[in-house]
Amino acid sequence: MRRGGLTAIALAGCLLGGGLTAVVATAPGAIGALLASTSTATTGTEPTTGTLPTTSTTTTTAVTRIAAGVTVGGVAVGGMTPADAYTAVRNAFERPLVLLVGKRRFEVAPESLGAVAYALKAINRAATAAPGTAVRLDVTVTRRKVVAYVAGLADRLDRTVVDSQLSLRNLKPWLSPSRTGLSLRQRPAVRLIVGALQGNRRAPIRLRQIVLAPKVTRENFGPVIVIRRTSNHLYLYRGMRFRRVFAVATGQNTYPTPLGRFQIVVKWRNPWWYPPSSPWAAGQKPIPPGPNNPLGTRWMGLSAPGVGIHGTPNDSSIGYSVSHGCIRMHIPDAEWLFVRARIGTPVYIVAA
């Protein structure tokens, strides 16, 4: 009986010793389950309602690590635990986008553009991926938010193009300075921003602006005519640059040449003269082109009704106020001006 009792005690000791030295190991397939998220994605990175893998509360635990050389959305996560890899991917995605427009720099957070990165799903795939695998990071972007952001940038940065404006200063043409405009290329900007978010890229993005050239500048402005009625002189300018002065005849007191700003609206070579509906022309008949035509060989009609610049066969009238409102020139002078003036040429008539 003594020997049997000792044998039983020894056996019990062996079984107890074996229980104390047992090791519990984490099964490889458990990583995906531990990474699974049970909630829906929101702005930024998707929230977690579960927990990422942690150390088991046994005497010894095998820590799961991602294979060497694995990347998630371009972020190197090889050798990391899934929890550390998730943090690294999330931090990389949440970095702001840097936008360069001209000499200005802007930073915008991905979440303000409605960007969501599904990092948990990507880490779940990375945990079982072969060494060197590039795991895709799925990202969704709310395009309307990107469009609205870019439109806001355009409102701040666009500059309206300004044409030169003509006026008269000290009896001479004066043109205000023109200014180029700028317009942000919004559609390409939206594509670049969405592409950077979906590709998890954070290199600075240069957004382009279109330079809008003014149509009217001091350099390209055409001819301007200034007629000084009292002194009976016509001045021709190209923009603000003086070109030539001519002696002319203007309207008599009864039929004065009108004052104001007008423009040339019609040009005729070898015109017919038609009697106007005025008492002084009553009973007269049209005169065809020829040496006796009172309009000479050229007619430049103004936006002032019935008034124009023309040649005259009556050279002796030049320098005096004797016409019925028109501006008379020597025929060679009218022909020279006819070539250089054009439809729309501004004509100022002043009292000087």
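These legends describe close-up views of one predicted protein model. Because the model is predicted, local features need pLDDT of at least 70 and side-chain atom pairs count only at pLDDT 80 or more, while totals for chains, interfaces and linings use all residues. Residues are numbered from 1 along each chain as its sequence is written, and side-chain values use heavy atoms, with hydrogens and water left out.

**Figure 1. The protein as a whole has seven helices and 23 strands.** Helices (H or I, at least four residues) and strands (E, at least two) are DSSP runs, numbered from the N terminus. Of the 352 residues, 37% are buried. Buried means under 20% relative accessible area, exposed means over 50%, and partly exposed lies in between (1.4 Å probe, protein chains only). Among contacts (heavy atoms within 4.5 Å) with a separation of 6 or more, 63% are between residues 24 or more positions apart.

**Figure 2. Asp 333 and Arg 244 form a salt bridge.** A salt bridge is a side-chain nitrogen of Lys or Arg within 4 Å of a carboxyl oxygen of Asp or Glu. By this rule there are three salt bridges. In the pair shown, the closest N and O atoms are 3.9 Å apart. Asp 333 is buried, at 16% relative accessibility, whereas Arg 244 is partly exposed, at 32%.

**Figure 3. Arg 136 and Asp 138 are joined by a salt bridge.** The N to O distance is 3.0 Å. Arg 136 counts as exposed because its relative accessibility is 59%. Asp 138, at 30%, counts as partly exposed.

**Figure 4. Arg 105 and Glu 107 make a salt bridge.** Their closest N and O atoms lie 3.4 Å apart. Arg 105 is exposed, with 52% relative accessibility.

**Figure 5. Asn 170 has a positive phi.** Most residues other than glycine have a negative phi. For Asn 170 the angle is near 55°. Asn 170 sits in the loop between β9 (166–169) and β10 (172–175). With a relative accessible area of 71%, Asn 170 is exposed.

**Figure 6. Asn 200 also has a positive phi, although it is not a glycine.** The angle is about 55°. Asn 200 lies in the loop between α6 (186–198) and β12 (205–207). Asn 200 is buried, with a relative accessible area of 8%.

**Figure 7. The largest pocket holds about 570 Å³ of space.** On a 1 Å grid over the protein atoms alone, a pocket is an open set of points where a 1.4 Å probe fits, with protein on both sides within 12 Å along at least five of seven lines; lining residues have an atom within 4 Å of a point. Grid points are joined across faces, edges and corners, and the volume is the space filled by probe spheres set on the points. The lining has 26 residues, and Trp 273, Trp 280, Leu 295, Gly 306 and Cys 326 lie nearest the centre of the pocket. The elements giving two or more residues to this lining are β18 (260–269) and β20 (308–312). By type, the lining has 16 nonpolar residues, nine polar and one charged. Ala, Val, Leu, Ile, Met, Phe, Trp, Tyr, Cys and Pro count as nonpolar, Asp, Glu, Lys and Arg as charged, and the others, Gly among them, as polar.
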